[in-house]
Amino acid sequence: MSNVVKMIALLVLFGFLILIRAFENELFYDPYLTFFKNDYLYIDNPRREVLKLTLFTALRYFLNSVISLSIIYIFFKDWGVVQFSALIYVVSFFILLTFFLYFVVNPRQEDYYIFFNIRRFLIQPLLLLLLLPAFYYQQLKSKKS
């Protein structure tokens, strides 16, 4: 793959991540979007449909994961890195979703901050921001030795 095609593919994929974020209100059911934009430490938890919220959160995580894995593949051209990343995404999903559901079902005002951050890992491609530099650093280290 030439550098021009690689750059265009990366721009398109990052564009998809941006579009998911830009149209999150239209694409996904998430009453917590407006809840956390307000002064959430002083208001009650919003009404929500737990199953619908869980399905839309999982869908958003899946879309972000597929795009992120594609970005990782284009950067490193290594299926081993992609497979390891996919494993990290799957394990993270189940761990984060467990905590997410706990906080959705048992909302307590003193837990809103940690819930906000767990939810953030589910709905935003933060794992990509952690994995890209880690794999790049590992690649640089392996080239030196």
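Me: Which residues line the largest cavity?
Reply: The lining of the largest cavity consists of Y61, N64, S65, Y89, F121, L122, Q124, P125, L126 and L127. A lining residue has an atom within 4 Å of a cavity point, and a cavity is a set of points on a 1 Å grid where a 1.4 Å probe fits but cannot get out. This is a predicted model, in which local features need pLDDT of at least 70, side-chain atom pairs count only at pLDDT 80 or more, and totals for chains, interfaces and linings use all residues. Residues are numbered from 1 along each chain as its sequence is written, and side-chain values use heavy atoms, with hydrogens and water left out.

Me: How many cavities of 30 Å³ or more does the structure hold, and how much space lies in the largest cavity?
Reply: The structure holds two cavities of 30 Å³ or more. The largest cavity has about 40 Å³ of space.

Me: Which element gives the largest share of the lining of the largest cavity?
Reply: Helix α4 does, with three residues. The elements that give two or more residues to this lining are α4, α6 (112-123) and α7.

Me: How do the residues of that lining divide into nonpolar, polar and charged?
Reply: Seven are nonpolar, three are polar and none is charged. Ala, Val, Leu, Ile, Met, Phe, Trp, Tyr, Cys and Pro count as nonpolar, Asp, Glu, Lys and Arg as charged, and the others as polar.

Me: How many helices and strands does the protein chain have?
Reply: The protein chain has seven helices and zero strands, in the pattern α-α-α-α-α-α-α along the sequence. A helix is a DSSP run of at least four residues, and a strand one of at least two. The C-alpha trace spans about 55 × 30 × 25 Å along its principal axes.

Me: Why are α4 and α7 called roughly parallel to each other?
Reply: Helix α4 (residues 50-76) and helix α7 (residues 126-144) pack at an angle of about 20 degrees. Angles under 35 degrees count as roughly parallel, over 145 as roughly antiparallel, 65 to 115 as roughly perpendicular and the rest as oblique. Therefore α4 and α7 are roughly parallel to each other.

Me: What residues in α4 and α7 meet?
Reply: Y61, S68, I71, I72, F75 and F76 in α4 meet L127, L128, L131, L132, F135, Y136 and Q139 in α7. Contact means heavy atoms within 4.5 Å. By class, this contact has 11 nonpolar, two polar and no charged residues.

Me: Why are α4 and α5 called roughly antiparallel to each other?
Reply: The angle between α4 and helix α5 (residues 79-105) is about 160 degrees, and their axes are 10 Å apart. α4 and α5 are therefore roughly antiparallel to each other. Residues that meet include V50, L53 and Y61 in α4 and W79, Y89 and V104 in α5. The contact of α4 with α5 has 18 nonpolar, six polar and no charged residues.

Me: What makes α5 and α6 oblique to each other?
Reply: α5 and α6 pack at an angle of about 140 degrees, with their axes 9 Å apart. α5 and α6 are therefore oblique to each other. Among the residues that meet are F93, L96 and V104 in α5 and I114, R119 and L122 in α6. By class, the contact of α5 with α6 has 12 nonpolar, no polar and one charged residues.

Notes:
Axes fitted to C-alpha atoms, helices over the stretch in contact; angles between N-to-C directions. 1 Å grid on protein atoms, 1.4 Å probe; cavity = no way out; pocket = protein on both sides within 12 Å on 5 of 7 lines; lining within 4 Å. Points joined across faces, edges and corners; volume = space filled by probe spheres on them.
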